[in-house]
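Student: I have the sequence and the model open. Can we go through the chain contacts one by one?

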Amino acid sequence: MTKSKISTQIPMLLCLILVVAGPFAFDTYMVNTLIKAFFFAVAAITVDLLWGYTGYLTFGQSAFFGAGAYCAGLVFTHLGFSSEYALLAGVLSVVIPGLLALFVGWLSFYHGAAPFFSCVISLVVPIVVYQLVLSGGNFTGSSSGLTGFETFDFEIESWYWIAGAIMLVAAIATDIFVKSDAGKILVAIRDNEQRCEYLGLNTYVIKTLLLGVCGALAGFAGFSYGAFSGVVAPELTGFSFGTEMIIWVALSGRGTLWGPVIGTVLITVISSYLSNSIPFVWQLILGIGFVSVIVFLPKGLLPYVIRPLSRKSSLDAPIKLEEAKIQDSSVSGHAIVMDHVTKSYGSLDVLKNITLTGDPGDLIGIIGPNGAGKTTLMRCMGDGEHRTGGSVEICGRDLGKKHPEEVVRLGLGRKFQNANIFQTLSVSECLRIARTIRERPSLVRTSKVLALPAYVLDVMKVTGIDKKLGTAAKDLSHGEQQALELSMVLALEPKVVLLDEPTAGLTLSERRSIGAIFSALAHKYRFCCLLVEHDLEFVKEIATKIVVLYHGTILMQGDVDEVVNSKLVQDIYTGTKSSARNSEAEK
Amino acid sequence: MKATALEVENMTCGYGNAMILRDLSMKIISGESVSVLGKNGMGKSTLLKAIMGFLPKARGSVRLFGFDTTRTRPHNIARHGIAYAAQEQPLFTDLTVRNNLEIALKHPETFDQLFRPITHLFPVFANRLDQPAGTLSGGEQKMLLVARCLMLRPSFIMLDEITEGLQPLVIDNIAEALKWERESHGTTMLIIEQNIQFALKVTDRFQIMSKGALVDSGCCDEDGASEKILRHLSV
Amino acid sequence: MGLVLDFATTTAILFIVTSGLMMIFGVMQIVNFAHGAILAIGGYVAFVITRVGIPSLYGCFFAFIAGFLVGALIERFVVRPLYRRPLDAILATWGLGIVIIQVIVMIFGRGVQLVESPLQGTWNILGTEYSSYRIIMIPVALCIGGVIIALLNGTRFGIKTRAVIMNENLAESLGINSGMIRFISFSIGAGLGTMAGFFITPLSSVDPYMGVAWLTNAFMLVMVSGHSFLALAGACLVFGSIQVLVSIYVNPVLGGMAISVLAAATLRIRPKGFSHD
């Protein structure tokens with residue numbers, strides 16, 4: 001991971017030199033421009049956090065920046081300037097944009113909100129704020145904005161160092177945060193929001209809070225900008241300024257943090273010179289550059305600039321695995337109870353009156369032909385909103401209408417059919433995120449120790465992923481990815497484990513070792529496992545009980561021998577059953 | 001020596017990096033009818049999707065009538081005279097029966113002429129052309145699917161579990177239609193099945209698929225073919 | 001009566017402006033952020049055409065062709081490579097919007113140009129004097145809507161397009177080149193956009209940024225309508241009328257925001273918007 005250190009240190013050093021030496025090296029015009037650029041860079045950091053790291057494309061950060069700037073302008077214009085009023089304006093510039101951002105977050109993020117929808121909402125926000133400012137008459141100065149208010153009386157050099165310090169502090173703090181264990185959750189949300197929910201993380205709340213913080217930070221940057229420049233114009237709140245921030249971040253490199261900082265400063269400086277000499281051509285070049293970067297270099301330019309400088313080596317301290325203490329809360333009674341569960345889409349019943357129970361130590365194989373409703377059954381257990389009738393209890397508690405992240409906290413872990421993991425995170429990072437609901441991750445530190453339950457360590461050892469803790473999940477083989485997802489699910493310390501076709505796409509030897517793991521989970525560690533599987537041979541060997549699902553109903557459930565040897569199952573598997581059923585169904 | 005209709009060589013493919021088919025080879029001579037049987041989840045449908053161009057191939061090649069189609073896009077493969085009936089969502093349920101039949105025709109004006117034989121094979125459609133396909137019964141939808149394949153005048157038909165969930169009369173009707181098609185046009189067929197009786201009736205030889213590989217094969221008219229297949233399919 | 005005419009003409013104008021966007025969104029699930037710039041192209045086509053002295057009846061065809069060509073280029077070189085990265089596609093079309101606007105600025109300057117309305121004065125409708133050009137927008141919108149519906153439901157291209165929207169894999173397996181369908185739909189959508197720019201020009205003035213003002217309202221209307229042009233017409237009517245009411249009785253600035261805010265609220269409460277399934 002030395003690579004990431006170099007890619008941080010070089011830009012950080014550059015910024016530091018620039019901030020310290022600026023006033024000695026540049027003329028006043030340049031210094032002036034740089035001060036503004038530093039404040040813009042803070043806003044760009046918030047865009048990068050939201051878009052580059054968390055995957056929420058936002059055009060709306062200008063609204064918060066502008067709101068902060070207007071806090072300065074309005075207080076200083078209408079109340080006058082004093083240290084008390086300056087403090088008031090400063091506080092307001094954090095609180096008002098922060099609250100506004102929380103509201104926007106509430107509007108944008110909820111169960112089932114498409115990312116595209118959130119993006120469009122972020123477009124509406126600056127337009128609304130802009131219109132409000134325009135309609136504010138004398139109070140907001142309407143289209144000409146507020147000018148000529150009294151403000152801090154600092155030398156330009158002092159302003160420079162203050163602005164530089166604000167930018168450096170913001171960037172370094174963000175840098176520490178995104179590298180911390182908690183910061184990795186942002187990337188996890190970007191990579192795979194669904195997996196996050198099924199690891200018990202409430203992604204809507206996380207994103208809303210993040211937006212609140214980013215709004216407050218952008219607001220403060222706006223306040224500083226307004227206080228420095230003495231001019232607050234409605235354009236600062238507008239949608240074009242918001243998209244300009246995206247251009248800065250996209251060109252220099254989303255998700256790289258220092259890229260957007262440097263990119264913003266460079267582009268602002270170049271713009272301020274070129275927009276006087278060749279204004280339209282410069283905008284044109286910027287636009288063409290932006291489009292080409294999006295199409296050809298989606299990671300932006302910084303990674304390509306830095307790459308030749310960094311050698312790949314893995315010097316950083318390896319993560320140590322250790323055994324976590326498990327809270328002993330053995331389940332009394334049934335682990336899962338489904339009572340007359342029904343799922344229908346309109347008039348089409350996918351599941352009809354499913355009643356089944358699972359106890360700790362059970363390994364229930366769920367079999368049936370394509371379209372029998374097996375995956376739907378799993379979904380009805382994992383998401384309270386999915387079923388249309390009947391009730392489900394997990395560990396004695398009613399599922400109700402609970403969302404996946406709450407269901408996980410009842411003691412349910414769901415492994416999906418395809419390996420559902422965080423592509424760009426390493427194995428250890430994936431597992432640490434899976435432990436979030438058990439062990440609160442640090443906001444500033446990267447822990448060198450990863451504590452996992454004994455059975456997770458077992459799974460990792462058997463499948464060999466304990467040797468690959470530093471490998472990015474996307475570079476694992478398919479079998480290893482399946483093992484990683486299983487480990488992540490088990491790291492939740494669930495009582496009920498749903499396994500949806502875990503052997504699909506595995507080689508024969510992988511199948512064998514994963515089979516042994518499943519029986520150990522049920523028999524040794526007393527999980528209640530529900531296994532959906534096509535391969536009856538595989539199920540036969542490890543299951544304690546088999547449920548046969550056929551066209552949405554349970555055709556049969558019972559012991560392995562009883563089910564496997566029944567005429568009914570033989571018929572289904574040789575295709576003679578279908579005719580019998582349908583002659584009756586078509587009537 | 002007849003020309004080769006389909007030649008799959010050492011094909012490995014799947015979804016993402018999950019490989020469902022490993023090193024699979026198969027060859028079908030022009031005019032032949034072949035069934036692939038096997039249990040659920042063994043990769044049968046994946047084979048058809050791969051041939052049809054929906055899945056990228058990690059290794060190996062596919063040739064249709066001498067053309068290398070390993071990397072050809074599905075619509076171009078379809079234009080090589082391939083008619084494919086998928087197992088899931090194979091019809092436009094909001095479009096009418098006529099639109100479903102017409103949409104793939106190269107020359108829509110020939111519809112009436114092409115539709116005439118269909119009315120003999122599946123009389124049920126004769127006066128229901130303007131009904132949305134979604135309002136047909138399950139059996140009628142499957143018949144419509146077969147009708148669509150036949151109307152394309154294809155040189156190669158691929159059917160994915162066409163008999164799934166059908167009553168015996170409808171299955172017989174479909175079998176008759178496929179037989180007629182082979183007798184009158186000599187169309188090559190590749191049929192994925194669970195229904196052994198149907199497979200034996202409409203194909204010349206069968207192959208058994210298990211865990212992404214072809215593990216056994218035989219001729220449909222040999223003695224004990226049915227028992228041989230049953231051994232693989234039962235548990 | 002004046003109010004009814006306000007409702008009707010606002011609805012018509014909104015529908016004209018959004019139909020091209022809808023065409024693209026329906027087929028490709030992408031909102032074309034270059035739509036603002038494309039409207040501006042239409043405005044400048046109107047400007048050039050009135051200068052040259054070509055009758056404006058033909059002008060709208062020129063506008064359509066110009067947009068069609070620009071759309072074809074955008075689809076081929078920018079949108080197609082980003083087919084699997086929809087958010088990036090949005091960004092790229094936005095970037096293209098900037099490029100197009102700058103090119104316009106370099107050719108025509110950034111100043112405001114006036115285009116004379118081909119139809120001046122007012123008509124008397126049941127005792128109310130009303131701008132005749134605005135009234136003409138109603139049949140124009142009906143024409144555009146009618147042609148689109150006829151195109152999608154009556155022609156072979158339309159059926160193929162609907163097939164791609166309903167089930168792209170199935171369409172491909174039947175030999176329909178979905179890439180080509182997307183290409184043509186995008187181009188038509190852009191063509192409709194320039195045509196809309198052409199029509200709205202006499203109502204305001206022409207400047208390179210003229211499209212931006214329409215952008216968010218158009219986006220929100222399309223988002224709320226889902227896939228159906230009828231739902232779009234409904235959304236234009238409902239939100240357009242509310243806009244008129246708010247502008248008259250509350251405040252014109254709030255009226256300008258009414259569509260975006262209400263549509264956002266609608267989507268928050270009912271994520272599927274106006275589409276009924």
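Student: How many salt bridges does the rule find across the interface of chain A and chain C?

Tutor: This is a predicted model, where local features need pLDDT of at least 70, side-chain atom pairs count only at pLDDT 80 or more, and totals for chains, interfaces and linings use all residues. Residues are numbered from 1 along each chain as its sequence is written, chains are lettered from A and ligands numbered from 1 in the order in which they are written, and side-chain values use heavy atoms, with hydrogens and water left out. A salt bridge is a side-chain nitrogen of Lys or Arg within 4 Å of a carboxyl oxygen of Asp or Glu. Across the interface of chain A and chain C, the rule gives 1 salt bridge.

Student: Which residue of chain C meets Arg254(A) in a salt bridge?

Tutor: The N to O distance is 3.1 Å. The partner of Arg254(A) is Asp88(C).

Student: What is the class make-up of the side of chain A that touches chain C?

Tutor: Helix 4 (83-108), helix 5 (115-134), helix 11 (239-252) and helix 13 (279-296) of chain A each give two or more residues to that side. Helices here are DSSP runs (H or I, at least four residues), numbered from the N terminus. Ala, Val, Leu, Ile, Met, Phe, Trp, Tyr, Cys and Pro count as nonpolar, Asp, Glu, Lys and Arg as charged, and the others, Gly among them, as polar. The side of chain A has 27 nonpolar, 6 polar and 1 charged residues.

Student: How much area do chain A and chain C bury between them?

Tutor: Buried area is the accessible area (1.4 Å probe) that two parts lose on being put together, summed over both. Carbon and sulfur atoms hold 83% of it here. The total for chain A and chain C is about 3200 Å².

Student: Which residues of chain B lose the most area to chain C?

Tutor: Chain B and chain C bury about 1700 Å², with 62% from carbon and sulfur atoms. Three residues together make up 34% of what the chain B side buries. They are His75(B), Phe92(B) and Ile103(B).

Student: Which element gives the largest share of the side of chain B that touches chain C?

Tutor: Two elements give two or more residues each: helix 2 (74-78) and helix 3 (97-102) of chain B. The largest share is 3 residues, from helix 2 of chain B.
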